[in-house]
Amino acid sequence: FFLQCAEQLPHKIPLYGTLIGLLNLEDEDFVKKIVENTQNSFQDALDSGNSDRIRILMRFLTALMCSKVLQPASLVVVFETLLSSAAITVDEEKGNPSWQARADFYVICILSCLPWGGAELAEQVPEEIERVLVGVQAYLSIRRHTSDSGLSFFEDDESGGDIEKDFLEDLWERIQVLSNNGWKVESVPRPHLSFEAQLVAGKSHEFGPISCPEQPELPSTISAVAYGKQKHEAELKYPQRTRRLNIFPASKTEDLQPIDRFVVEEYLLDVLLFFNGCRKECASFMVGLPVPFRYEYLMAETIFSQLLLLPHPPFKPIYYTLVIMDLCKALPGAFPAVVAGAVRALFDKIADLDMECRTRLILWFSHHLSNFQFIWPWEEWAYVLDLPKWAPQRVFVQEILEREVRLSYWDKIKQSIENAPALEELLPPKGGPNFKYSGVDGQEKSEQEQALSAELSNKVKGRQSASDIIVWIEENVYPTHGLEVTLSVVVQTLLDIGSKSFTHLITVLERYGQVMAKLCSDQDKQVMLIAEVGSYWKNNAQMTAIAIDRMMGYRLVSNLAIVRWVFSPENIEQFHLSDRPWEVLRNAISKTYNRITDLRKEISSLKKGVISAEEAASKANADLEAAESKLTLVEGEPVLGENPAKLKHLKSVAEKAKEEEESMHDSLQTKEALLARALDENEVLFLSLYKNFSTVLMERLPDASSDATLQSLKSVHGDSMAVDLEEPSTMEVDDENGMPKKSQSNGGKATNTYNVREKEQWCLSTLGYVKAFSRQYASEIWPHIEKLDAEVFTGDAHPLFRKAVYSGLRRLSNEL
């Protein structure tokens, strides 16, 4: 129970440590058991690579040391064991440097204990702790600096990407400042000091030895690809816990000591970790941390850093949405203004924000507003109408409004922007479906086609079967009117019948999906089918995405057909103006990825089932053989030494167990064959996706021989009126009401013009999406990297395209 408390409320660990120290005075055996249990849990966490448990149990051990329960020397041995493992891992000769993520994690764990126990260690074992710090310094000198390339929130200028300190280097600097300040930390409570006189009398226990798991073997052939794959695996298992998102000016948090910022971030992240699913308790603990200063700004930055964390947030984005809402309600006088300030600051830097982060911010903000009556001072952002239609701030506002309409209805959202009525121009079209055969614009369509549509509609209303309708099409429609008209009439009419609601759509697809499948048997026809869906729902991006997603679910269209449709000329022109084609593409790749994930889970479960079935069959055979061995021969005839009925029963059990074992093996083989086929299809999907990306980018990017960078794309049209996107004043937020200090009418010069030309913006947006897709599906892309290297990422590919892919996959430049 003590361990559970320590693991689930880590910000209270000093209290639990003190309590256990006092218990140690009364019942040494009980406390000895706590220490032994902690050691077993810690070793299990190391063996399984449970990074959160390792980190928190080390903090718990530090608190036990402060309360005289654990000998300081024992804690130092734990530190040195981890440090030794880390140093071996990054050693070029003895270790496996591709697993540096684990080595870094171990060293971060050591350093992150010091705010909780550095003062005691420096006082009781000064030489030993100095030896540990020298070891950390030595480790830092041999490890590789880790670049945030591909994982930073903002698109930085490539020239200075690697200069900033990485997380471990930054923490080491904070610990050095702490050491120079005499290990004084305001944000860590020290209740054991009140009981120091009593605690000294307790017996200090030893902590048993622990061992770190061996790093994985180096691949037999050392290559850049093999290194990259192992590095990716290591970073998945030991991800960096947070990346600092510095939204607010330093003045908002400058009173904090460097180490206090780290400690409060740890508290907040721990609460988010252990109260995932309990939003009210999470918000309650977040506002009641044991620190003597206000931290609303730091809390907002930490939550947003998790919501926007790349490659994936630790939890579903909806969790952070709910926590932010509950914090706004828990701190109504302070937190809403801080959140509004964060939104304004991010909005001012939206042109530099990573594409994936931009999408998450849009989804979060629209959902957040929907829980607060859609109230926002839109007049502040009305100036975006003066910007070109491809300007990121204008597109951002447009996408927010489109998502709000999905969460409410068109008239309600129009009413919510009454303070800036001109923004109605950015609302999605109010019109419903765009049915070709409605008769409203019947002049364009022949009466014959309208008659066919009406006839099909009557057949569906008359509950005719799919096979009857297929016969009618094959005999009466297709021979006379040809493919295009037939496909258009059938798809448009069926979509119209299913247009009232999601349920209607699904019912139509379930009943008459075969009709579409029969008509669209190959990829070319499936692309035509998707185009008809896009045409019918051209006024409703949500229904377009849902209809195509459902059709893929019912295998009426393939993911390759969807990729081809997304890269059709009409959609390519929308890449920088709307999320519509990207949403369809994301859904298609995610659905493919989810199918593979489900198959892997089923195979894992079946493998366990096979083992159980084999054990059951083996036991049944053993029982049967034991019974048969009791048969005796008299004059050459067997005589039963066992009850005949029992023997018969054992034979039956053995046969059933054998059948069950064979059945499980068959199921496993079937699923493994399905997975192999799915992985092959996945390879074809990514080849198609990247070939399309490469082709369209090559047509529009500047000549590959020129020294093109992302920054140069932004400054192609730079002149005396160029935008200063990094202007610090854009980040200033007034303390009282969260309103920007600069002119609120149009945002001043930093936001009133956008001088990147359309072609360059198209390239910037598309490259941003290339990076986002590569990062999001990196685990599925790495197994096929050799094929992609050979066929797509060759020397012919544009350097900026290749750089975007490699950045998403976290392939370092010296691995290329």
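Me: Which residues of α6 meet which residues of α8?
Reply: In this predicted model, Asp-104, Val-107, Ile-108, Leu-111, Ser-112, Leu-114 and Pro-115 of α6 are in contact with Phe-167, Leu-168, Leu-171, Trp-172, Ile-175 and Leu-178 of α8. Sorted by class, the contact between α6 and α8 has eleven nonpolar residues, one polar and one charged.

Me: What makes Asp-104 the charged one and Ser-112 the polar one?
Reply: Both residues belong to the α6 side of the contact.

Me: At what angle do α6 and α8 pack, and how far apart are their axes?
Reply: Helix α6 (residues 100-124) and helix α8 (residues 167-180) pack at about 25°, with axes 10 Å apart.

Me: Why is α6 called roughly parallel to α8?
Reply: The angle is about 25°. Angles under 35 degrees count as roughly parallel, so the label applies to this pair.

Me: What is the hand of the crossing of α6 and α8?
Reply: The crossing of α6 and α8 is left-handed.

Me: How do you know what span is expected for α5?
Reply: Helix α5 (residues 72-90) has 19 residues.

Me: Which helices do the buried residues of α5 pack against?
Reply: They pack against α3 (28-48), α4 (51-66), α6 and α7 (126-142). Among the buried residues of α5 are Pro-72, Leu-75, Val-76, Phe-79, Leu-82 and Val-90.

Me: Why is Val-76 counted as buried?
Reply: Val-76, in helix α5, has 2% relative accessibility. Buried means under 20%, so Val-76 qualifies. Apart from residues up to four places away in sequence, Val-76 touches Leu-121, Val-125, Glu-128, Arg-131 and Val-132.

Me: How far apart are Val-76 and Leu-178 in sequence and in space?
Reply: They are 102 residues apart in sequence and 19 Å apart in space, C-alpha to C-alpha.

Me: What makes Thr-766 a buried residue?
Reply: Its relative accessibility is 0%, and the cut-off is under 20%, so Thr-766 is buried. Thr-766 is in helix α30 (residues 758-776). With neighbours within four places in sequence set aside, its contacts are Phe-575, Trp-582, Phe-693 and Leu-697.

Me: Gln-373 and Phe-374: why is each called buried or exposed?
Reply: Gln-373 has a relative accessible area of 55%; exposed means over 50%, so Gln-373 is exposed. Phe-374 has 5% relative accessibility, under the 20% cut-off, and therefore counts as buried. Gln-373 is in the loop between α16 (355-370) and α17 (392-407), and Phe-374 lies in the loop between α16 and α17. Phi is near 55° for Gln-373 and near 55° for Phe-374; each value is positive in a residue other than glycine.

Me: Where is the cis peptide bond that has omega of about 5°?
Reply: The bond joins Leu-310 and Pro-311. Pro-311 is in the loop between α13 (296-307) and α14 (317-330).

Me: How many helices and strands are there in the chain, and what percentage of the residues is buried?
Reply: The chain has 33 helices and two strands. Of its 816 residues, 53% are buried. Its C-alpha trace spans about 110 × 100 × 55 Å along the principal axes.

Conventions
Residues numbered from 1 in each chain as written. Predicted model: local features only at pLDDT ≥ 70, side-chain atom pairs only at ≥ 80, totals over all residues. Heavy atoms only, no water. Axes fitted to C-alpha atoms, helices over the stretch in contact; angles between N-to-C directions. Helix = DSSP H or I, 4+ residues; strand = E, 2+ residues; numbered from the N terminus. Parallel < 35°, antiparallel > 145°, perpendicular 65-115°, else oblique. Left-handed = near helix turned anticlockwise from the far one by under 90°. Contact = heavy atoms within 4.5 Å. Nonpolar A, V, L, I, M, F, W, Y, C, P; charged D, E, K, R; others polar. Expected span 1.5 Å × (residues − 1). Buried < 20%, exposed > 50% of the residue type's maximum accessible area, 1.4 Å probe, protein only.
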